[in-house]
Amino acid sequence: MPVTITIPTPLRQFAAGQSEIEVEATTAGEALDQLTSVHAELRRHLFNDQNTLRNFVNVYVNDEDIRHTDGPNTPVKEGDTILIVPSIAGGSAVLDQTATESKPIISADAILPMLSNEEVGRYSRHLIMPEVGMTGQRKLKAASVLMIGTGGLGAPLGMYLAAAGVGRLGLVDFDVVEASNLQRQIIHGTKDVGRPKIASARDRLEDINPHVEIETHETRLTSANAMSLFRNYDVIVDGTDNFPTRYLVNDACVLAGKPNVYGSIFRFEGQASVFWAERGPCYRCLYPEPPPPGLVPSCAEGGVLGVLPGIIGAIQATETIKIILGAPDIMVNRLLLVDAWRMRFRELKLRKNPDCPVCGDNPTIKELIDYEEFCGITQQPQAAQTTMEEITATELKARLDNGDNIQIIDVREPNEYEIAQIPNSKLIPLGQVLNRMNEIDADRETVVHCKMGGRSAKAIDALQRSGFTGKLINLAGGITAWSNEVDPSVPKY
Ligand SMILES: [Zn+2]
């Protein structure tokens, strides 16, 4: 029976760039077999050596996770859609409606702060709405929200929460505003380039609403400081861009009993949900383990449509305000997928995993751990570097000028090649490098490069593992180093 498999953006490079592939199958497992027999490279990313689906890949038939149906034997019928949903930057408790409505963030008998006449004027469009009203607006004033990150997601989020009159906003960030942030991080302006993000964000938020108390924490969120920070706030909003911090935020929220308003973005696709262990699943119930380092590219590597964090951040702001107001239908037990390119919104059901290591029935994680190690970030790059030969841009230029017989392979994407190239380089994107191995002359020395040196190291590693015998050398710092050291006319991006 013909069914459609949707391929998520990070994996499309392994499926000839396609977003949807139609296959003939009667079960989900059969469909995935069909898919990966045509696209062998994809198989390595979806399945482990034991031939089972990897932990950071979830497969849905329509809106149901196949882990909660018949797994690979889940039947599919004509017209069904199979979604592959990898974690981007676990079960089976049914939603307990009574639990969802219990224990509001601002308790019913709390003494709420009064609004001044000026505040009444400012919030009038809220006050005349029965869903907010005077009590709701005073709840917002009584509430505190901690935002992790003041970047793409944090920008609209912070601005809307400040405008809405959330009483106390905490900002955690240690980055500095860069010119390449301004395409999406609308809380910062051109004049702020070079300033700490939290200083720039504070100025903007205080200008939007001087009634909001802004607390800045110019620090990296770590296992050492997360619990003490989280305890001081009612709601935590995750606007991070990396897996170690995402798992840290999740675990600290579970341990501190706080709702975690989640959002993530990549290119033109986004995800949003509310993870709240007391009422539903946590992030680990959805993705027990992170993907191996480097498999899922970051926004810095893969790019992001500038308005997408605006959409996802505004959804996070909406859910945060609803949690504070005690709205009945918050996004617990649901994962929203947004495809801005086709402008489609899709919703998947989530369930709490009773075996979840942090929020399950018998948790094994009872305090915060080393998240860099958990995400495999500390060991792997070192292992790769020890055996890899490198060349600097200056050395490469000298050897080329000397007439040495060197071929240059560029493993970036075609649209990056359009922005800037090293002369006489041949483009073979990373996802095609194994299939096109025969295009690389093994009798010549080969310098492999990308933007910064990371993807080219992966390409060399993959080629060597696949038995390529020629000499491969990594260009340290990639085309960026070439621009810095050799030819400043090559644009940096
Ligand atoms: Zn969990």
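These are my notebook entries on a predicted model, from the whole chain down to single residues.

**Entry 1: the whole chain**

I began with the overall dimensions. Along the principal axes, the C-alpha atoms of the chain fill a box of roughly 80 × 55 × 40 Å. I then looked up the radius of gyration, which is 25 Å; a compact globule of 493 residues would have one near 23 Å, so the two agree. Of the 493 residues in the chain, 41% are buried. For the secondary structure I noted 20 helices and 18 strands.

**Entry 2: domains**

Next I looked up how the chain is divided. The domain assignment gives domain 1 (2-86), domain 2 (99-105 + 143-378) and domain 3 (381-485).

I turned to the start of the chain. Strand 1 covers residues 2-6. Which residues of strand 1 are on the covered face, and which on the uncovered one? I found Val3 and Ile5 on the covered face, with Pro2, Thr4 and Thr6 on the uncovered one.

Strand 1 has a bridged partner in strand 2, antiparallel to it, with five bridges between them. Here Thr4 has Glu22 in strand 2 as its bridge partner. Strand 1 also runs parallel to strand 5 (residues 81-86), and three bridges join these two. Thr4 turns up again in this pairing, opposite Thr81 of strand 5.

**Entry 3: two positive phi values**

Most residues other than glycine have a negative phi. Ala16 is not a glycine, yet its phi is positive, about 55°. I located Ala16 in the loop between helix 1 (9-12) and strand 2 (20-24). Ala16 counts as partly exposed because it has 15 C-beta neighbours inside 10 Å.

Asn51 is another non-glycine with a positive phi, of about 70°. Its place is the loop between helix 3 (40-46) and strand 3 (57-61). Is Asn51 buried or exposed? I counted 8 C-beta neighbours inside 10 Å, so Asn51 is exposed.

Then I went inside. Nonpolar side chains tend to be buried together in soluble globular proteins. The largest nonpolar core here has 94 residues, and the members that touch the most others are Ala31, Val145, Met147, Val166, Leu169 and Cys282. Which helix gives the most to this core? It is helix 14 (residues 308-325), with nine residues. Both domain 1 (2-86) and domain 2 (99-105 + 143-378) supply at least three residues each to this core.

Setting aside neighbours within four places in sequence, I listed its contacts as Val145, Met147, Gly158, Leu161, Ala162, Leu205, Val212 and Ile214. There is also a second, separate core, of 20 residues, with Ile428, Cys450, Ala457 and Ile479 among them.

I wrote down its order as 14-18-17-15-16, with parallel pairing.

I then walked through the pairings:

- Strand 17 (residues 445-449) and strand 18 (residues 472-475) run parallel and are joined by three bridges; Thr446 stands opposite Leu472 of strand 18.
- Strand 15 (residues 406-410) runs parallel to strand 17, with five bridges; Ile408 has Val447 in strand 17 as its bridge partner.
- Strand 15 and strand 16 are also parallel, over three bridges; Asp410 is bridged to Leu427 in strand 16.

Finally, I looked up what packs on strand 17 and strand 18. Helix 19 (residues 454-465) touches both as it packs on the sheet, and its direction makes about 165° with that of strand 18.

Note on methods:
Residues numbered from 1 in each chain as written. Domains from an automatic or database assignment. Pairing = 2+ DSSP bridges. Helix = DSSP H or I, 4+ residues; strand = E, 2+ residues; numbered from the N terminus. Contact = placed C-beta atoms within 7 Å. Axes fitted to C-alpha atoms, helices over the stretch in contact; angles between N-to-C directions. Core = buried A, V, L, I, M, F, W, Y, C linked by C-beta atoms within 7 Å. Buried ≥ 20, exposed ≤ 12 C-beta atoms within 10 Å, placed from the backbone. Rg over C-alpha atoms; globule rule 2.2 N^0.38 Å.
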